[in-house]
Amino acid sequence: MTFLDLEWYWWLLIVVVAIIAVPFKIKFMKWWSMRQQEKKNKQQGRWGDDE
């Protein structure tokens, strides 16, 4: 059984990888957002930055 020239087990593998990868991507994006916010807050306290 094939769909778009891939056997069923390749589709199963792709689905499993996607299911595993999505939560890690969400966690990474939250971590990255917090890191950027901390950098921004750290720079506001410096002298000479009147932004």
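I started with Tyr9, which is partly exposed, with a relative accessible area of 43%. I noted the cut-offs: buried is under 20% relative accessible area, exposed over 50%, and partly exposed in between, with a 1.4 Å probe and protein chains only.

**The model**

I am reading a predicted model, where local features need pLDDT of at least 70, side-chain atom pairs count only at pLDDT 80 or more, and totals for chains, interfaces and linings use all residues. Residues are numbered from 1 along each chain as its sequence is written, and side-chain values use heavy atoms, with hydrogens and water left out.

I looked up pLDDT, the predictor's confidence in each residue, from 0 to 100. The protein averages 85, and 86% of the residues score at least 70. Confidence is lowest in strand E1 (residues 2-3), with a mean of 72. It is highest in H1, at 91. I kept one caution: where pLDDT is low, the predicted coordinates should not be read in detail.

**Elements and surface**

I found one helix and two strands. The order from the N terminus is β-β-α. These are DSSP runs, numbered from the N terminus: helices are H or I with at least four residues, strands E with at least two.

How many of the 51 residues count as buried? I got 0%. The accessible surface is about 5,500 Å², and 66% of that belongs to carbon and sulfur atoms. Such areas come from the Shrake-Rupley method with a 1.4 Å probe; for residues, only the protein chains shown count as cover.

**Aromatic pairs**

I took the pairing rule next: rings of Phe, Tyr and Trp (its six-membered ring) pair if their centres lie within 6.5 Å; planes under 30 degrees apart are stacked, over 60 edge-to-face, the rest tilted. By this rule I count five aromatic pairs. Tyr9 and Trp10 make a tilted one, 5.8 Å centre to centre with 45 degrees between the planes. Trp10 is partly exposed, at 44% relative accessible area. Phe28 and Trp31 form another tilted pair, at 5.8 Å centre to centre and 40 degrees between the planes. Both lie in helix H1, three residues apart, about one turn of the helix. Phe28 is partly exposed at 43%, and Trp31 is partly exposed at 45%. I also logged one aromatic cluster of Trp8, Tyr9 and Trp10.

**Phe24**

Where is Phe24 found? I located Phe24 in helix H1. Is Phe24 buried or exposed? Phe24 counts as exposed because its relative accessible area is 59%.
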